[in-house]
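Below is a briefing on a structure whose sequence and coordinates follow. Please read it with the model open beside the text.

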Amino acid sequence: MSGARRFRGPIDLHTHSSVSDGTETPSQLVRAAVAAGLGTVALTDHDSTAGWAEASAAARTAGITLIPGMEFSTRVGFASVHLLAYLFDPSNAGIVAETARVRQARLVRAEQMVERIGVDYALTWDDVLAQTTPDATVGRPHIADALVARGFALTRSEAFAGILHWEAGYYQPHYAPEPLRAISLVRAAGGVPVIAHPATRGVSDVIAEAHLAQLAEAGLFGLELEHRENKPEATARLRSLAAKYGLFVTGSSDYHGEGKPNRLGENTTAPEVLDRIIEQGTGSPPVFG
Ligand code: AMP
Ligand code: ZN
Ligand code: FE
Ligand code: FE
């Protein structure tokens with residue numbers, strides 16, 4: 001059956017829950033997706049699949065299609081490059097080991113950033129812990145929430161534009177695998193890898209054509225070219241490279257609940273592209289709720 005008939009309603013393939021840095025639990029997120037009129041939603045928490053079971057159960061109850069996914073942190077030099085991964089086997093040893101390593105590195109890095117921020121602002125690690133759920137993948141958004149709670153910023157976005165911006169001097173990168181290695185791990189686990197928001201300034205600058213060709217060769221499926229943070233010029237350049245190297249184009253919201261202005265369904269993916277993802281994703285089944 002063709003995608004348009006199989007998937008009723010818009011398809012949003014990039015969202016975050018409280019398992020990472022979204023503000024809603026996986027079930028709340030699935031219900032929000034239904035309320036937003038989506039027919040399909042992917043849960044893509046950073047470096048974690050811990051929300052899959054809850055989201056799957058919620059999708060069955062709510063009658064929406066759920067694509068289990070993850071946003072895998074990767075790194076090129078000092079730049080952070082995000083890799084969306086869909087329908088892989090969450091128990092695959094390579095994925096389990098690498099994501100555990102990244103989550104641990106994120107934790108240490110967040111503690112070090114808070115230590116440095118604490119020299120200039122009355123902020124402690126306990127303040128940050130108070131903003132995270134147990135075992136969540138910790139990131140700057142949790143530090144941002146702690147800064148808001150302490151009155152040093154009005155919103156998460158304001159904290160990102162100020163104290164948490166790399167130019168403020170408190171920023172620190174964390175360990176993450178190179179995109180090539182992450183793509184290989186995802187494919188080896190039966191998953192389908194897509195570079196998230198590839199036309200943002202930081203990302204498009206570090207991925208030259210030869211590098212992209214190499215990633216395509218290694219099994220990259222597509223580029224998330226419909227995303228509010230992509231820059232028009234880099235998007236146009238990558239659109240022609242996608243055609244040249246046979247990469248699919250996806251679109252998504254990158255919803256973080258109340259943590260970011262991005263709204264569910266503000267960008268969507270074509271049903272025919274989701275069909276290809278489901279054909280190629282052999283590590284986990286979609287949940288047709
Ligand atoms: P980190 O990965 O720890 O460096 O933090 C960056 C992450 O924060 C990205 O995944 C962003 O999507 C996320 N984020 C969540 N809320 C916001 C916000 N309001 N402004 C900017 N980034 C945000
Ligand atoms: Zn995030
Ligand atoms: Fe991202
Ligand atoms: Fe994201």
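Glu 71 is buried, because its relative accessible area is 1% and buried means under 20% relative accessible area, with exposed over 50% and partly exposed in between (1.4 Å probe, protein chains only). Glu 71 is one of the residues that coordinate the iron ion (ligand 3), together with His 82 and His 197. The model is predicted, with local features needing pLDDT of at least 70 and side-chain atom pairs counting only at pLDDT 80 or more, while totals for chains, interfaces and linings use all residues. Residues are numbered from 1 along each chain as its sequence is written, chains are lettered from A and ligands numbered from 1 in the order in which they are written, and side-chain values use heavy atoms, with hydrogens and water left out.

**Iron ion (ligand 3)**

- Along the chain, the donors of the iron ion (ligand 3) follow the spacing E-x10-H-x114-H.
- Glu 71 lies in strand E3 and His 197 in the loop between strand E5 (192–195) and helix H9 (201–206), so this pair ties together parts that are 126 residues apart in sequence; helices (H or I, at least four residues) and strands (E, at least two) are DSSP runs, numbered from the N terminus.
- His 197 is buried as well, with a relative accessible area of 9%.

**Iron ion (ligand 4)**

- The iron ion (ligand 4) is held by His 14 (NE2), His 16 (NE2), Glu 71 (OE) and Asp 254 (OD), at 2.0 to 2.3 Å.
- The arrangement around the iron ion (ligand 4) is irregular because its four donor atoms subtend angles of 74 to 160°; four donors count as tetrahedral if all angles lie between 85 and 135 degrees, four count as square planar and six as octahedral if opposite donors are over 155 degrees apart and all others between 65 and 115, and anything else is irregular.
- The iron ion (ligand 4) lies 4.1 Å from the zinc ion (ligand 2).
- His 16 lies in the loop between strand E1 (11–12) and helix H2 (26–35), and Glu 71 in strand E3 (residues 65–76), so the pair ties together parts that are 55 residues apart in sequence.
- Both residues of that pair, His 16 and Glu 71, are buried.

**Zinc ion (ligand 2)**

- The zinc ion (ligand 2) and the iron ion (ligand 3) are 5.6 Å apart.
- His 46 lies in strand E2 (residues 40–46) and His 256 in the loop between strand E7 (248–251) and helix H12 (271–280), so the pair ties together parts that are 210 residues apart in sequence.
- His 46 is buried at a relative accessible area of 6%, and His 256 is buried at 5%.

**Ser 27**

- Ser 27 is found in helix H2 and counts as buried at 15% relative accessibility.
- Not counting residues up to four places away in sequence, Ser 27 touches Glu 54 and Ala 58, where contact means heavy atoms within 4.5 Å.

Terms used:
Donors = N, O, S within 2.8 Å, 3.2 Å for Na, K, Ca; no water.
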